[in-house]
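Here is a short report on one protein chain.

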Amino acid sequence: MKTRTILAGRDVSWFRDGPSLSTAARGAAAALARRVGLDAHRVAEVALAVTEAATNIQRHATDGALLLRTLHTKDDTAVEFVTVDSGPGMVDVSASLADGASSAGTLGIGLGAVARLADHFDVHSVPGKGTVMAAQFWSRQADDQGVTAALSAGQQCVSGVTRPISGESTCGDAWSARLDSATDADADTGTGTGTGPGHPAVLVLMCDGLGHGPLAARASAAAVEAFHDTPATDPEEIMEAIHRALRGTRGGAAAVARIEPARRRVRYCGIGNISGFLLGHDARKTLLSVPGIVGVNMRRLRTFEEPLPEGGALALHSDGLTERWDHRALPGLLHHSPLVVAGQLLREAGVRRDDASVVVVKGIW
């Protein structure tokens with residue numbers, strides 16, 4: 001069994017398309033890489049890759065943006081960037097990644113070189129719709145310890161993005177995930193909440209703090225803290241802990257999903273305007289939330305159980321995304337990383353008049 005990896009993302013910054021995009025993104029990427037301890041050579045590689053990606057957006061994309069953030073394991077930190085645009089898309093992604101293929105006006109190193117500089121790289125593009133590209137850059141020490149090898153093997157099973165409402169720098173939405181640490185210890189004896197030897201359950205939280213700005217962010221941060229502090233592994237019990245933690249804040253909408261690979265099921269408990277979907281190659285299944293405000297007025301909790309679709313994914317998002325998207329209109333999407341899937345859903349359905357957040361789980365069943 002592969003050991004699954006859940007990485008915490010921090011220091012989130014969005015850069016919108018404009019004349020200063022490449023300069024601003026390059027400077028921020030270099031500063032972030034130095035701050036997390038990457039050596040001078042790796043800092044230069046990060047800056048080069050980010051500049052190429054940003055310049056490509058400026059020259060060729062419509063409504064493009066670049067997300068820059070850090071990722072964390074227990075011992076190491078990486079820099080990650082994601083680019084999202086609304087077209088025109090790449091007709092032939094493989095050709096665009098070939099050596100010597102560089103769009104006019106970029107630095108000339110090409111997206112293929114960006115892919116080689118990165119420890120993990122993924123891109124999905126649909127002509128006429130748009131492109132999402134993601135890249136991670138770890139320290140050489142992390143590479144020696146096998147961290148990047150584990151990630152390149154596809155073991156990062158959960159990822160997502162948050163984006164603040166236009167005009168704000170702080171997002172009132174948040175997501176988080178953790179493994180059921182009791183699973184492996186209890187599976188052989190039949191006790192605890194495990195799903196079987198070698199098949200740890202994954203717990204995922206999505207929270208949308210009421211309103212937007214710092215007070216909404218305070219509520220969602222309290223939800224994330226409670227999600228990690230509680231020993232509970234049942235969705236309803238976790239929601240009760242979050243409800244207690246959000247008293248004294250403005251409250252919010254929240255949902256907790258428990259994905260159990262061995263039993264091939266998801267258990268879902270949601271309050272308020274959090275949208276949950278199980279994505280299969282041919283359909284999507286809606287997961288139900290009930291009305292209420294976590295931390296203020298939470299009605300009787302209900303947990304819904306659904307089978308996991310073969311080769312599919314779980315997606316949760318706030319009402320900063322409309323539900324008028326169809327992943328089947330994005331050919332091949334479910335073959336890509338959770339982060340790229342999340343980025344494509346944000347591109348397809350995100351609205352600028354609200355905070356937006358989406359998290360995706362895939363590759364564990």
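## The whole chain

The chain exposes about 14,800 Å². Carbon and sulfur atoms supply 48% of that area. Keep in mind that this is a predicted model.

The chain has 365 residues, and 58% of them are buried. Its secondary structure comes to 10 helices and 17 strands. Now take the contacts between residues at least 6 apart in sequence. Of these, 71% join residues at least 24 apart.

## Two helices that cross

Two packed helices are described by the angle between their axes and the distance between the axes. Here the pair is helix α2, residues 40–60, and helix α4, residues 110–117. Their axes come within 10 Å. They cross at roughly 145 degrees. The crossing of α2 with α4 is left-handed.

Which residues meet? From α2 come Arg 42, Glu 45, Leu 48, Ala 49 and Glu 52. From α4 come Gly 110, Val 114 and Leu 117. The residues of this contact divide into 4 nonpolar, 1 polar and 3 charged.

## How α4 is covered

Helix α4 is mostly covered, with 6 of its 8 residues buried. The buried residues are Gly 110, Leu 111, Gly 112, Ala 113, Val 114 and Leu 117. Gly 110, Val 114 and Leu 117 also meet α2 residues.

What covers the buried residues of α4? The cover includes α2 and α3 (93–96). It also includes the strands β3 (77–84), β4 (120–126) and β5 (130–137).

How values were computed. Residues numbered from 1 in each chain as written. Predicted model: local features only at pLDDT ≥ 70, side-chain atom pairs only at ≥ 80, totals over all residues. Heavy atoms only, no water. Axes fitted to C-alpha atoms, helices over the stretch in contact; angles between N-to-C directions. Helix = DSSP H or I, 4+ residues; strand = E, 2+ residues; numbered from the N terminus. Left-handed = near helix turned anticlockwise from the far one by under 90°. Contact = heavy atoms within 4.5 Å. Nonpolar A, V, L, I, M, F, W, Y, C, P; charged D, E, K, R; others polar. Buried < 20%, exposed > 50% of the residue type's maximum accessible area, 1.4 Å probe, protein only. Areas by Shrake-Rupley, 256 points an atom, 1.4 Å probe, with all protein chains shown as cover.
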